[in-house]
Amino acid sequence: MPGKLKAKIVAGRHLPVMDRASDLTDAFVEVKFGNTTYKTDVYPKSLNPQWNSEWFKFEVDDEDLQDEPLQITVLDHDTYSANDAIGKVYIDIDPLLCSEAATVISGWLPIYDTIHGIRGEINVLVKVDLFNDLNRFRQSSCGVKFFCTTSIPRCYRAIMVHGFVEELVVNEDPEYQWIDRIRTPRASNEARQRLIFLMSGELQRKIGLKVLEMGGNAVVGYLQCFDLEGESGLVVRAIGTACTLEKISTLPSTATHQSNSSPSKDMKDSPQAAPSTLGCRSTHSSPVHSASSRLSQGFSVSVPTLLFAGMGSGGSAGKEAGPLKALLRQQTQSALEQRGVSSSSEAFVRTGEYPFFTLTSFPSGFLLHVGGVVSARSVKLLDRIHNPALGNTRSYKLLDWNSFTADEPETRDAWWEEIRQEIKSHAKALGCHAVVGYSESTSICEEVCILSASGTAAILSSRFMQDGPLDTEHRFEEVVPPGCGFCHIPYDELNIPFPAQLTYCYSCRRSKVPDVLFTTIDLPADANITGKGCLIQARLCRTKKKAQGEGNATAISNLLPFLEYELHTQLMNKLKLRGMNALFGLRIQISVGETMLLGLASATGVYLTALPGPGGIQIAGKTPSDITYEQHISNMQKKINDTIAKNKDLYEINPPEVVEEIIGSPIPEPRQRSRLFRSQSESSDEVSELDLSHGKKDAFVLEIDDTDAVEDIHALLTDSPTPQGFYSCNTEIMPGIQNWTSAIQMFTSVRVFRLNNANLTNQGLNKIFSDLCENLLKSLYFKLRSMVPCCLCHLNFTVAIPEDELIQVAVTAVAMSFDKEQILENGKQSGEKTLTKAITENDEQLQFNLELNPESSHANPLSSPKGLSEVGSHPSARAPSVDYSSFADRCSSWIEQLRLKAHTIRRGSVKTTSSMEKASPLPEGRSRSLRSNRSYSGTSVAVVKMTPLSFIPGAKIIKYLGIINMFFIRETTSLREEGGVSGFLHSFIAEVFAMVRAHVAALGGNAVVSYSMKECVFMENPNKNQAQCLINVSGDAVIFVRESELEAASVQPQSTTHTSNGGEGT
Amino acid sequence: MSVELDVFVGNTTIMDKEVYQLWLNGYTVNDAVKVRIEGGVMEECEASADVLLSDTMDQYRTFQMCERLLHHPAKLANQLLFQIPPDRQAMLIERYYAFDDLFVREVLGKKLSKGTKKDLDDVSAKTGVSLKSCRRQFDNFKRVFKVVEELKGPLVENIRQHFLLPDQLARDYAAIVFFANNRFETGKKKLLYLTFQDFAFCAGQLINHWTLGAVDSMMEDMDVDLDKEFLQDLKDLKILITDKDLLDQHKSLVCTALRGKTSVFNEMEANFKNLSRGLVNIAAKLINAKDVRDFFIDLVEKFIEPCRSDKWTSIDMNLFLTHYTNSAHILDTFKHHAVWTRYMGVIKSCILRMYHD
């Protein structure tokens, strides 16, 4: 009995009237944990009962403490008939299990019913006494801290970053059990809610175990998702980055800590741990039959993956894909076989296999170089589960799938394995040994499931890492300049995996940099940028024929490469249109519906000072003889040039001029550039012989002979600029803005759009989708106009196709005000402003000329920095008409590498043994905002702030209270009465916010950081007057103190670091 | 193609004051959008009509969801659903409980019953206040009435505490409740020149001086009913008009005091007995509920109108009432000084307030 959970029910308020006759309620409460239930007395005839119960005590294993929620049910006593349930409260007691988090849960929590919503509040007190030393109980992972924050949490310092942890748990979805036919919607919803709570708990515990195995004490960047696979089940999966964190205090670290985090010894002390819970990988999923045969049919692994390197993307498909697939299959299968027979410790070795990091920003000095975005997608068919063992009385319990999956290689696990392998090999192809800003997602429609993973290939400093995760050959110990080092190419200049335009770094002039850089991470805090950033979105809709099963999967996988290609093209064009050269926080979401595919790519564009300036965009027509046509073109060209100029002004992009032209032409001889278009366009054959690198031209050429291209250009130009006073980005903070005020407003907005017109063209759909997003943004700006000047940060769009003709877009973001005075403060450039302006004009002039006399363009003396983005303006380079030079073909190269390193991939690292040699305290840039050690003072206000960011401007987070991970279902059978779909969803989202706030307040917190709404599944049936919605939210509960309150008392050891700058994305 | 669903939820609930007012005024969403467009908000923020429509719908929905809480303003502060800053909460409440003087003038003194509510469409037509808004205002009156009816202690204070209203608004509501409870007649043609604020002022006087609470705030009973004992005692004042000597004495005292000080002396002298009879008769009859209802009409008919036809100025009126009140104390056989003071104090201030065009 390692733990005693104690709960006390104090009072209720605002209860609903349950007895019509008296207009009152006779309420009592059931408190349940595991299989033990206690009841309070009935408090008769009151809507504000005062139970003041005794302490209910549950003596339980700490394993259960981690898995189970405390379930509180409020009921109305009825003498003659069954008691009516008023509602429930689930309390996650995990935060109480960690000594550094909350100590008590106490406060008013909303009583929630899945049919009626919030029905009053209940005041409870919950405590946990843990009897034994936590370290001895390894089957539970009590004490491992979890953070949604994708950076080192602000009041901690990273001693060690261990690497990737992942886990998934599968169960049958209660909604699809046979019993669902006879039970009430309420019972079904509650079963689902409870199940997901249990599964989340279990998942977290298991991840925790892995972390302990690796020698860590925390998971940072914890991302948990669930996949509603319908009949084939419910998958809850999570990824994160295992770290050893240390609380920042005045004491110089470690003595106690080290003993704490060298668990290898402890492990041996408790050998029961491994076999009992770890050995059985209950994470396996549906016993899909004939999986391998599918594989060979070529749609199960469609792998139309892209690797966006610094400057482009390459598609794998066609010939190369074949061997790759074979290889992957071989690998994964052998890995699986091994796993099947091997002991648990073997399984653990695996976790070190992937040098992935879910972090998006890093302690300074950790991130050395960034290669580019790597992503992988795969289309899978979900198979129905026919298993007699399901649906039995244990249905409320988690099923152990081990027995079924032992001989089924094709599991959810294996699917992800494949994808991760691919990501890893992509990274290798970019000369990188790690992937940062890593995330995984799925999109499910009927039985088709697209699995996606993406991240940024990077080279990390080994300072924070153990020997395990990374290949030794890649260990860099070089010192990189802070402002630009991360831009320097990690790959070998002479052996780059794709054609790239390299120049010497514009900051330090010592290393090569690409001309464009795409990443999924946040802008490093110390990066040198010019001007400000902005949100850049590429939106795409593709129609698809209705199909079933394998045919459907094939169709989808055939479409994916085109989708990605076009998204990428759009991003590139829009980036150039804004005069910027790098994307951060890139997130590409592809959503699948029955008759269409949606693609949405969001990122924050910036001008990195270290990179060359982007070229313009040049329009070319194929029929130059026609005068009116040319006029048309030149008009368009003018428009584009104007827009670029305007944007440069708007975002204050005035890069200092680089005078010296000694850089030469560092373009390496492109290898096999001919295969540039292979997978992306049908015309690959014609194109294959083209030399796209001829000459050096400033601009990017758009050919408008093609209707697609006209659309593209229109799309480019119709993106309306943000209104005066607004900025937007999807990263943690807006590059170029620092002086935030304390005014923040987090919000969620959801729109569902119905396409009544069945026969829409791709263009038509594109326009609708694009307008939908644009209008949504406009609405947001309008709503938040009172906060001007302000920036919408962390704009996170989620698209879905809930039904055939519906498009759903959900946005969660935070609006933050800033002081106007200093926004222009990018200091240095002011003097050069005029100069740069002149140059810009000059450039435009040249572009115009270029367009008129394409021939002369070769001769243009544009070997200037701007001239480096390459042009493929060869007449026959039609393709989808937008040609960006950087489009890469790296298949062969990375296949090769993959092959070479196949064995290292599989067992690249062993990390269970942790040597703490690197545990020495590191001077740490992240601590800059920690200013004093005065104790916190402010829970008097019930206000709870919420933000998707990891920090609160003008405030210092002094304590992390634990992770908030909540899942709610709401259903109604009186949709009209509740104000229609909008009314229904509006109140549900408000209720979810309210419950999050209440739970945070009960933990003693006053804010949620890194908040995200990971799932919002909305279904309606207006004819039946019904609707249902599922929402999953997560975040970190924290206590913050206003810096102004601290000002007086700050004796700060870290004052020097503080000045570096504020508010960036740690 | 249509937007099927469109919601925006902020962690801090965003509410636009202007839209709130339009909602309170009973505008439909489309009308509100029109008003907003005319107001120029679009140019200000580079928005389109669609954006405005979406925003307006969203706000309306928020208000509707809040309305239930506004019915019990105390709940607004400790509810968890909407995170609204305190100053915003105060604004929401104040505006929700604000009313149109024109409207309240129509229902003042009427029984707050279903019957009255049914007639609201007439009131709406007459006042130009939209029916929706009329209903809200009427329901507010009724809600406040129901809550404070049963409460002990000072009326204004009760309203302020239960409905978290600012002082002036609480006083107005006290007046409305007081009028509704005593069913004062305010709708007669002769009374139409009086504004709500005139009545509210009088109600304040009555509440402060003539109710039981005015004497002893600790008393069981409260501010909504007039002090029965006092009304009983008022009958004793009749002696001022029934006793011929007293009446003559009273008159001569007043005339002596006023001679030369007023331009309407002659008219005053001629009318003194009538006026005095009017005032004292009102006092004597107040014990009957029916006559309480006619209190204001009586004041107008018996006193204000005669004076007005004689073209008294308010200064004349003030002088007269002051001396009329004070002289009574000098009468040697008149013993009811306390009652007289309590009565005349209120009468004087009411008449002075009501004496205008």
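**Chain A and its interface with chain B**

In chain A of this predicted model, residues 24 or more positions apart make up 81% of the contacts (heavy atoms within 4.5 Å) that have a separation of 6 or more. Local features need pLDDT of at least 70, side-chain atom pairs count only at pLDDT 80 or more, and totals for chains, interfaces and linings use all residues. Side-chain values use heavy atoms, with hydrogens and water left out, residues are numbered from 1 along each chain as its sequence is written, and chains are lettered from A and ligands numbered from 1 in the order in which they are written.

Staying with chain A, 65% of its 1066 residues are buried, that is, under 20% relative accessible area with a 1.4 Å probe, protein chains only.

Now the interface. How many residues does each chain bring to the contact? Chain A brings 50 residues and chain B brings 34. The size of an interface is often given as the accessible area lost when the parts come together. Here the buried area (accessible area lost, 1.4 Å probe, summed over both parts) is about 3700 Å², and carbon and sulfur atoms give 58% of that.

Between the two chains, chain B and chain A, there are five salt bridges, each a side-chain nitrogen of Lys or Arg within 4 Å of a carboxyl oxygen of Asp or Glu. K783(A) forms a salt bridge with D55(B), with 2.8 Å between the closest N and O atoms. On the side of chain B that touches chain A, the residues are 16 nonpolar, nine polar and nine charged; charged here covers Asp, Glu, Lys and Arg, nonpolar covers Ala, Val, Leu, Ile, Met, Phe, Trp, Tyr, Cys and Pro, and the others, Gly among them, count as polar.

Conventions:
Buried means under 20% relative accessible area, exposed over 50%, partly exposed in between (1.4 Å probe, protein chains only). Buried area is the accessible area (1.4 Å probe) that two parts lose on being put together, summed over both.
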